[in-house]
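I am opening this notebook to record what I looked up, entry by entry, in the structure shown below.

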Amino acid sequence: MSSAIERILATVLLGAIACASGACGRADGSADAGPGDRVVVATSTPCADLARTVCAGVPGLRIEGLMPAGVDPHLWRPTAGGARILARADVVVANGLRLEGRMADVLPKLARSGCTVFEASSAIPMDRWRTAEDAHGQADPHVWMDPALWALAAEGLASCMAREDPGHADRYAANAAAFGLRCGRVAERVRAAIATIPPGRRLLVTAHDAFGYFGAAFGIEVRGVQGLSTESETGLANLRALLDEVVARGVPAVFVETSVPDRAVAALVEGARARGARLETGGTLHSDALGVPGTPAGDWEGMMLENARTIVGALGGDASGLDREGTAP
Amino acid sequence: MSRAHAAIDALRAWTPEVDGWIIAIGALAAVACAVPGTLLVARRQSMAADGIAHAVLPGIAGAFLLSGTRDLAWMAGGAAVAAVAMSAGSAFLERRLRVERDAALGIAYTALFALGLALVVRAADGVDIDPSCVLFGAIEFAPLDRVTAGGRAVPRAALVIAATAGANVAVAALAWRPILASSFDRGFARAAGARPAACDAIVGAMATATCVACFESLGSVIVVAMLVVPACAARLACARLVPMAALAAAFGCGATVLGHVAACVAAPVAGLDASGVRELSTAGCVAAALGACFAGAAGARAVMSRNRPVDGAHAASLPCAP
């Protein structure tokens with residue numbers, strides 16, 4: 001009785017398969033890269049900014065970012081479009097240290113099939129990696145938060161690109177050196193501004209542990225409500241201990257992050273108010289992703305200054321030295 | 001008609017080495033899943049697929065804690081051990097404690113999943129061991145993991161899943177008569193010399209091997225959907241097991257194509273791409289397309305049986321006949 005249905009269904013399915021294979025065939029060779037262009041693909045937004053900085057002014061390069069602005073790299077999911085970009089890549093610029101949680105396995109496989117994979121963290125000496133307590137020896141991946149380390153990453157990328165493209169080695173080296181100077185200036189200004197916060201209040205509480213390098217570089221204690229990865233859960237006991245400390249020290253503000261839900265931070269603020277302490281959400285920090293291109297936090301330097309301005313302003317320091325210089329391209 | 005143009009542009013971006021392989025791998029998975037899927041549905045054990053998908057978590061987390069690596073061999077070994085533990089546990093509950101089969105399965109796999117969650121919390125702070133991300137792969141990235149076979153670069157997943165499909169067909173062909181008999185009438189099967197418990201073990205092992213082989217490169221959502229949904233849809237249209245398996249494989253292949261097209265086209269057509277969303281998840285869209293296949297088959301079945309109510313009612317009361 002069902003042979004008619006079988007026949008109809010089989011016809012429909014065959015038709016669908018035929019249409020799709022036709023679509024697949026038509027698309028052959030439609031990649032829009034110039035034939036001689038090298039394709040440099042960067043994973044997270046800080047990495048894309050680093051690649052653009054180091055490769056500035058070099059002809060014959062196309063730089064593509066995988067993750068859109070404002071997306072959490074710990075949770076970013078691969079899509080077919082991302083796979084297509086990666087399949088064309090000659091060089092992949094990644095952060096490493098498992099920042100790209102869902103891509104961690106893909107990168108070595110790409111390297112095996114002949115693509116050059118540069119991990120920013122591997123350009124930084126291992127003894128300068130931070131390891132959070134009780135993280136099974138897992139190093140903190142948020143290395144771009146320390147300008148000195150990010151300058152090392154730029155140097156590493158420059159020598160990696162010079163091996164790929166020896167004709168422009170001088171250009172890469174010059175770009176990295178110029179970026180190193182800018183990193184030094186940013187670091188000086190941020191350090192000076194943080195130093196204006198009253199010492200007892202120098203406690204930076206954020207949604208997840210993204211600011212360990214920032215704190216170590218600029219002399220401010222850091223606590224994250226969540227662990228290193230935004231995937232880990234918030235323990236109630238941790239939350240209570242954090243609340244005790246914040247209230248006892250009279251810290252006026254805690255911070256949410258653009259790429260992380262603010263639930264846990266909101267719980268902290270409510271908890272403090274219930275105890276009669278004055279605690280506010282001090283503003284939104286760019287932790288794991290830069291802002292949309294064209295906004296003040298759309299590149300690495302702007303993001304560092306903007307974060308510092310938010311922190312220093314909310315914790316009662318003097319943020320007037322953090323306005324952006326005219327160094328933007 | 002800018003939306004139609006957007007859809008066409010999205011499909012024009014397809015490349016054979018990524019999208020072609022995504023569809024090929026999905027189609028191979030559909031074939032690999034059709035054999036154990038059809039048998040599970042015919043034996044009224046379709047919840048076992050969901051059970052296996054959840055039960056492998058403690059195996060994977062335990063293997064990570066033991067080995068400290070996320071090496072494939074450890075992960076697959078751990079997953080296999082956990083799946084065997086689930087089968088043994090639910091069989092024990094069913095036989096010795098007289099718990100109903102589905103309930104036994106539900107108890108066994110939720111217990112193992114809970115154990116797995118506890119292990120993940122133990123391991124997870126600072127380490128990305130979320131089962132939905134790294135340990136279970138994503139079909140979109142499967143084409144990027146290439147090995148050289150016969151002088152060509154071929155995705156490893158395609159080889160692994162093709163081998164699984166071949167093994168499934170071979171095992172089913174070799175043990176066909178006892179499996180068939182035990183699927184419908186266990187008493188008769190026992191009397192005829194087939195051992196239903198052994199057949200259960202063979203089908204369970206086949207489903208487990210398929211799950212483990214596919215999870216690692218495709219992810220769990222797509223595999224659970226591929227095992228059960230096409231077989232259920234095919235059961236509405238076929239009365240015999242072999243055409244049912246063939247139709248299930250065809251449903252799976254068609255849903256892979258439809259799902260991947262939908263994943264690429266939906267965001268530009270709906271205007272989501274302005275907010276940075278370029279594609280939807282292929283696995284999710286394939287699962288949705290499988291649901292649509294089932295709805296289509298159920299609708300066709302309803303239309304047909306309205307014309308012949310007696311025959312339809314009769315067929316509905318019997319799952320299928322050998």
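**Entry 1: a helix pair in chain A**

I note that H8(A) and H9(A) are oblique to each other, a class that holds the angles left over once those under 35 degrees are called roughly parallel, those over 145 roughly antiparallel and those from 65 to 115 roughly perpendicular. The axes of H8 (residues 236-249) and H9 (residues 263-274) of chain A come within 10 Å and cross at roughly 55°; axes here are lines fitted to C-alpha atoms, for helices over the stretch in contact, and angles run from 0 to 180 degrees between N-to-C directions. Helices (H or I, at least four residues) and strands (E, at least two) are DSSP runs, numbered from the N terminus.

I looked up which residues make the contact, where two residues count as touching if their C-beta atoms, placed from the backbone, lie within 7 Å. H8(A) contributes A:Leu239, A:Leu242, A:Leu243, A:Val246 and A:Val247, and H9(A) contributes A:Ala267, A:Leu268, A:Gly271 and A:Ala272. They divide into 8 nonpolar, 1 polar and no charged, with Ala, Val, Leu, Ile, Met, Phe, Trp, Tyr, Cys and Pro taken as nonpolar, Asp, Glu, Lys and Arg as charged, and the others, Gly among them, as polar.

**Entry 2: source and conventions**

This is a predicted model, in which local features need pLDDT of at least 70 and side-chain atom pairs count only at pLDDT 80 or more, while totals for chains, interfaces and linings use all residues. Residues are numbered from 1 along each chain as its sequence is written, and chains are lettered from A and ligands numbered from 1 in the order in which they are written.

**Entry 3: the sheet in chain A**

I find an open sheet of 4 strands in chain A, in the order E2-E1-E3-E4 and with parallel pairing, where two strands pair if DSSP finds at least two bridges between them. E2 and E4 of chain A stand at the edges with a single partner strand each, so one side of each is left without a neighbour in the sheet. Neighbouring strands are turned by 20° against each other on average, direction ignored.

E1(A) and E2(A) pair over 5 bridges, and A:Ala42 stands opposite A:Gly65 in E2(A). H5(A) packs on the sheet, touching E3 and E4 of chain A, and its direction makes about 170° with that of E4(A).

**Entry 4: an enclosed helix**

How many residues of H2 (residues 45-54) of chain A are buried? I count 10 of the 10, so H2(A) is largely enclosed by the rest of the structure. What covers them includes E1, E2, E3, H5, H6 and H10 of chain A.

**Entry 5: a helix pair in chain B**

In chain B, H7 (residues 156-174) and H10 pack at an angle of about 170°, with their axes 10 Å apart. That makes H7(B) roughly antiparallel to H10(B). The residues of this contact divide into 10 nonpolar, 4 polar and no charged.

How values were computed:
Buried ≥ 20, exposed ≤ 12 C-beta atoms within 10 Å, placed from the backbone.
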